[in-house]
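Please keep the structure open while you read.

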Amino acid sequence: MVKAMTLRTQLVLLQAVIVLAIVLTAGLAAMLMQEQQIREASQERMIAVAQSVAQLPAVTDAYDDADPASVIQPIAELIRDSSNVAYVVVTDDEGIRFSHPNPDRIGEPVSTDPSVALSGEMYVGTQTGTLGESWRVKVPVFGEDGDVIGQVSVGILWSDLRADFAGDITGFLLALGAATVIGVIAATGVARMVRRRIYGLEPEEIRGLLETREATLHGIREGMLALDEDGRVSLCNDAAARLLGLATPAEATGRIASDLLDDLTHVIAEADADDDASQRLVLSGERVLLARAAPVRVQGRRVGTVVTLMDRTELDHALRELAGAQSLAEGLRAQQHEFSNTLHTIGGLIELGEVDAARRVVERAGDGGGLNRLDAPTGVQDIELAAILLAKRARARELGVLLTVTDDSRLPADCGGDDLSTVVGNLIDNALDAAGQGGHVRVSIAQDESLDIRIVVEDDGPGVSLERRGDVFRLGFSTKPDGRQRGYGLTIVARIVERRGGSIDLGPSSAGGARFTVRLPAVQHAESVR
């Protein structure tokens, strides 16, 4: 199997062919122009010599002498030698020579047709005479009365013209050869530079890398951004565009990374500072992403940064659902034990005949508060929200926090949606953290006349100072310096409220802690507004 030529060889050969084609084309054009210039210069010189001889008084006067050749021959030879032409032949009106480079030809008729010049016109052309093929000019000689009395023929041998042209072209060909050599050497240098720029890869290797890259970029679920040395996006795959809320990857190309996602600046800065990979959780809209940045080096030189984005939203949602299910199961087990104990107590009191005491136990146990009253006029009928509240109550019991849902909390079924569950869950989680063990968290959820859902969550924790209330919704803000990444829950709540066209307010609670009041349009109402 014949081995394919390397890219360097192909580039050198291709450029050498181009240089040769240009040099040969230019050289051929230059030679044709040079030949034309030599012919035109020779023609102008021959016309000038012929006309000057035909107008010399000594020549025209000699026509009346008995032996015109004795006067005209010396003049013609002198002019021939001084003007660098092959011959100067003067004839009478019958074509008999009065001068010739070969004196033996004087007195003989010319060997070519003199009729054009003898008719009073000038002739320019190529003819073959006694001296050989020549490029010649013939002009008439006029007497004092204006009649044609003879002609003057001046010519240059074609062999002399070719010799002049060959003398000029030799140097020109040497220059063209030198230009060709220089061009090939330059092509070799260019090929070496191009190969160095592409890191010594061959076309097949580049094609393989490109195909692998395209397959990898479009085949992985994780988002990937490639940044150049200036922090601009040079590559973005489909998953990254989706996670960043872009229609196509082309929208990200050429933009500063911080314009796409503010939190990327911190991840990239950490990677630059440590000169190693760094990662942290970031928010893209309402998505929780795990961003990981790593510097890219080629042959020991840093050329940019690669950022990978993993969507943690679905995982976090699943983990929250799992935690809620576990908490709900634990809460149900605890309620089952409490209910069994209550039944045993009631049964014992009935056997003892203490009916009034048994009635008081039943009244004291109650029906679980507003949370469990899911009947149409009094309770929370949205099943998903009810499940979240039950799970959070079980979680609060584990933390030693009293979580109560006000008796006036009412919500019809299927009007909350995922957004409502997310908002309520994050607000309660924040309140439980703030209240701490032994604390109290109150939740109120109701729908007003305009179908907007009003959510109030308050605690008896330390609260939030007036100057810091504007920061609690900022990404990454937390009052707990425990080294964990916090400050995402309230940020997500604020972004959901903004997207739904609602409002959120933070103020002091009557119990001394913080009070969050959220107005969120119901699902049906929000869709009709859109």
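1. Where does N84 lie? N84 sits in the loop between helix 3 and strand 1 (87-92). Keep in mind throughout that this is a predicted model.

2. The backbone at N84 deserves a look. Its phi is positive, about 60 degrees, although N84 is not a glycine. Most residues other than glycine have a negative phi. N84 is also exposed, because its relative accessible area is 60% and the cut-off for exposed is over 50%.

3. Next, helix 3. This helix covers residues 68-83, and P74 has its place in it. Is P74 buried, exposed or partly exposed? P74 counts as partly exposed, because its relative accessibility is 47%. Buried would need under 20%, and exposed over 50%.

4. P74 can also be placed relative to H100. The two residues are 26 apart along the chain. Their C-alpha atoms are separated by 9.8 Å.

5. Now the positive charges. Which residues form the positive surface patch? They are R8, R192, R196 and R197. Helix 5 (residues 158-197) supplies the largest share of this patch, with 3 residues.

6. R196 is one of the patch residues, and its place is in helix 5. R196 counts as exposed because its relative accessibility is 56%.

7. There is a negative surface patch as well. D61, D64, D65, D67, E144, D145 and D147 form it. Where is E144? Look in the loop between strand 3 (132-142) and strand 4 (148-157). E144 is exposed, because its relative accessible area is 85%.

8. T60 gives a buried example. This residue is found in helix 2, which runs over residues 57-62. Why does T60 count as buried? Its relative accessibility is 19%, and buried means under 20%.

9. What does T60 touch, leaving aside residues up to four places away in sequence? The contacts are A54, V141 and F142.

10. To recap the accessibility calls: T60 is buried at 19%, and P74 is partly exposed at 47%. R196 is exposed at 56%, N84 at 60% and E144 at 85%. For the surface charges, compare the patch that includes R8 and R192 with the one that includes D61 and D147.

Terms used
Residues numbered from 1 in each chain as written. Predicted model: local features only at pLDDT ≥ 70, side-chain atom pairs only at ≥ 80, totals over all residues. Heavy atoms only, no water. Helix = DSSP H or I, 4+ residues; strand = E, 2+ residues; numbered from the N terminus. Buried < 20%, exposed > 50% of the residue type's maximum accessible area, 1.4 Å probe, protein only. Patch = residues over 30% accessible without salt bridge, like charges linked within 9 Å, V, L, I, M, F, W, Y side chains within 5 Å. Areas by Shrake-Rupley, 256 points an atom, 1.4 Å probe, with all protein chains shown as cover. Salt bridge = Lys/Arg side-chain N within 4 Å of Asp/Glu carboxyl O. Lys, Arg positive; Asp, Glu negative; His and termini not counted. Charge placed at Lys NZ, Arg CZ, Asp CG, Glu CD. Contact = heavy atoms within 4.5 Å.
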